[in-house]
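Please read them with the structure open.

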Amino acid sequence: MRLGVLDVGSNTVHLLVVDAHPGARPLPAHSHKAELRLAQLLDADGAIHPEGVDRLIAVVHEALQAAEDKGVEDLLPFATSAVREARNADDVLARVREETGVELTVLSGAEEARLTFLAVRRWFGWSAGKLLVLDIGGGSLEIAYGIDEEPDAAVSLPLGAGRLTAARLPGDPPDPEDVRALRRHVRTEIARTVGEFSRFGAPDHVVATSKTFRQLARIAGAARSAEGLYVQRELKRASLEAWVPRLAAMTAAERAELPGVSEGRANQLLAGALVAEAAMDLFHVESLEICPWALREGVILRRLDHMDQG
């Protein structure tokens, strides 16, 4: 069957259309995305601006049209941290439902981490052993660890690249004091969770997902996306540590000139790099591998599992 996943994230609203059936890997058929940056469309009270809600509704309408055009049988719509943590989340969800007919499922941070972990486990298989999975989104950082398809530990921290950039790095290029303050904040937040994972022992394989990690790996020398999904891509901590001060000295426009960095994400790249560097350091990770599957694929795989059981 042809499934559509509508992901209302902190940076983008992304419709992924796949051809799928239980027991087979989902084959991408179409992708439709719009940069909305909901995490940056909040007022002083933490509510999404009315204009932001209007834009969200317009983008959902576009995605529905694209899903119809591509023959999607079943649409799986969900929202992550930007909607989850908005003060007016209930009102936003009600307006989306009334004006588009779409009932957005709001995933908790732990659910995000678990579904991303499922996708990574299916991608690498059982031979990968104990997995540690890191995922930096626009609004949050997810960390999950385990040896099965369900992680033994899964947490979500408010350390997304978009959120941190909007709240803590106003300058372009950012003020060095702001960068140092953000570095301290990020490391304090992550350090609080390390003990929850270290009791399970060292992972056999460390994996990262998300656009942020892909861009960081690319500027550090990983293969271009055009070379395909199955090319191994790694990010070494030593390379990342060398890049952080360089990114901090650049403007967003200069970062956008780097290989693999999109103009829309360039302003967030430094915050994402600080989070990635801190996580790799505090979890004693020298090198990690980039996984092309993440949350959207996890949602699809969970749906297919339920179909199979039915």
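In which loop does Arg 37 lie?

1. Arg 37 lies in the loop between β3 (27-35) and α1. Helices (H or I, at least four residues) and strands (E, at least two) are DSSP runs, numbered from the N terminus. Arg 37 is not a glycine, yet has a positive phi of about 55°. At 25% relative accessibility, Arg 37 counts as partly exposed; buried means under 20% relative accessible area, exposed over 50%, and partly exposed in between (1.4 Å probe, protein chains only).

2. On the basis of these notes: this is a predicted model, in which local features need pLDDT of at least 70 and side-chain atom pairs count only at pLDDT 80 or more, while totals for chains, interfaces and linings use all residues. Residues are numbered from 1 along each chain as its sequence is written, and side-chain values use heavy atoms, with hydrogens and water left out.

3. His 284 also deserves a look. Its phi is near 60°, a positive value in a residue other than glycine. His 284 lies in the loop between α10 and β11 and is exposed, with a relative accessible area of 68%.

4. The peptide bond from Asp 172 to Pro 173 is cis, with omega near 0°. Pro 173 is in the loop between α5 and α6.

5. Two packed helices are described by the angle between their axes and the distance between the axes. Helix α1 (residues 50-69) and helix α3 (residues 89-100) have axes that come within 10 Å and cross at roughly 40°. That makes α1 oblique to α3. Here axes are lines fitted to C-alpha atoms, for helices over the stretch in contact, and angles run from 0 to 180 degrees between N-to-C directions; under 35 degrees counts as roughly parallel, over 145 as roughly antiparallel, 65 to 115 as roughly perpendicular and the rest as oblique.

6. On the α1 side, the residues that meet α3 include Val 53, Ile 57 and Leu 64, and their partners in α3 include Val 92 and Val 96; contact means heavy atoms within 4.5 Å. The residues of this contact divide into eight nonpolar, two polar and three charged. In this scheme Ala, Val, Leu, Ile, Met, Phe, Trp, Tyr, Cys and Pro count as nonpolar, Asp, Glu, Lys and Arg as charged, and the others, Gly among them, as polar.

7. Helix α5 (residues 161-168) packs with α10 at an angle of about 115°, the axes being 8 Å apart. Ala 161, Leu 164 and Thr 165 of α5 make the contact with Ala 271, Gly 272 and Val 275 of α10. By class there are four nonpolar, two polar and no charged residues. Ala 161, Gly 162, Leu 164 and Thr 165 are buried in α5, and the buried residues of α5 pack against β6 (131-136), α6, α7 (211-219) and α10.

8. Rings of Phe, Tyr and Trp (its six-membered ring) pair if their centres lie within 6.5 Å; planes under 30 degrees apart count as stacked, over 60 as edge-to-face and the rest as tilted. The count comes to four aromatic pairs. Trp 123 and Trp 293 have ring centres 5.2 Å apart and planes at 65°, so the pair is edge-to-face. Ring pairs link Trp 123, Tyr 230 and Trp 293 into a cluster. Trp 123 is partly exposed at 22%, whereas Trp 293 counts as buried at 11% relative accessibility.
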